[in-house]
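Student: I am new to this structure. Please take me through its core and its aromatic rings.

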Amino acid sequence: MSRARDNADLGDSYGSLGAGVTGGSGLNALGTVTAGNLSNSAIIYPAGHVIGSSFSNSATEYTLPASFPNTQQGLSVHHTCMGSGSLFLVIVSMQTLLQQTADSQTGAIFSKIMAHEVASENVATAVSLSGNFRTMRNWHTTTVNPQIGTQASMVWRGTVGSINDDAGDVIDFWIQSYRSGANATGWMSGSGIGNTITVLEIKT
């Protein structure tokens, strides 16, 4: 075979490419990438890709008020945004406890997922992300002064509305809870595995 043939375009032929072969768009045209920075800010990740995560847990016990408070409660996490206009998946696991003072009383604990921009520190104007989850329900009790505990989970997915969520902004995600029942006392319990909140930031 002549040298002209050796250097010719092989087209759709098969075989091993020589070390001097360049160009083309075949499967092996790029070769093996052995170096680079896959966290470079210029990389465009596909929609649905998880681009950031935050986690926090608390073993501190908190007494729950009789209505939703305007203050932040114990279970919260700071999240630094990796993108702009992202979706957020918030996963909460919490233990609650309800105590009554007499027989045949009812009560419940309600919780919702909140968020506010940390830079403003204005908790009173925080955005309510979720509806009210009934994280505990105590039907008519039959024992005086019972204490009933339960492990509750909440999951919410969406955007954070009016909160600034550009890359680098810090958002505080937290749980707001209250107890109902005229004679009930409620707690966010810190016993056992405690309470956890996880935030996943998803590329849109």
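Student: Which residues have the most contacts inside the largest nonpolar core?

Tutor: This is a predicted model, where local features need pLDDT of at least 70 and side-chain atom pairs count only at pLDDT 80 or more, while totals for chains, interfaces and linings use all residues. Residues are numbered from 1 along each chain as its sequence is written, and side-chain values use heavy atoms, leaving out hydrogens and water. A nonpolar core is a set of buried (under 20% relative accessible area, 1.4 Å probe, protein chains only) Ala, Val, Leu, Ile, Met, Phe, Trp, Tyr and Cys residues joined through side-chain atoms within 4.5 Å. The largest has 25 residues, and those with the most contacts inside it are Val92, Phe173 and Ile175.

Student: Which element gives the most to this core?

Tutor: Strands are DSSP runs of E, at least two residues, numbered from the N terminus. Elements giving two or more residues include β5 (107-117) and β9 (170-180). The most, five residues, comes from β4.

Student: How is the pair of phenylalanine 88 and phenylalanine 173 classed?

Tutor: Rings of Phe, Tyr and Trp (its six-membered ring) pair if their centres lie within 6.5 Å; planes under 30 degrees apart are stacked, over 60 edge-to-face, the rest tilted. Phenylalanine 88 is in strand β4 and phenylalanine 173 in strand β9, 85 residues apart. Their centres are 5.4 Å apart with 50 degrees between the planes, and the pair is tilted.

Student: Why does the pair of phenylalanine 110 and tyrosine 178 count as stacked?

Tutor: Phenylalanine 110 lies in strand β5 and tyrosine 178 in strand β9. The ring centres are 5.4 Å apart, and the pair is stacked because the planes are at 20 degrees.

Notes. Buried < 20%, exposed > 50% of the residue type's maximum accessible area, 1.4 Å probe, protein only. Helix = DSSP H or I, 4+ residues; strand = E, 2+ residues; numbered from the N terminus.
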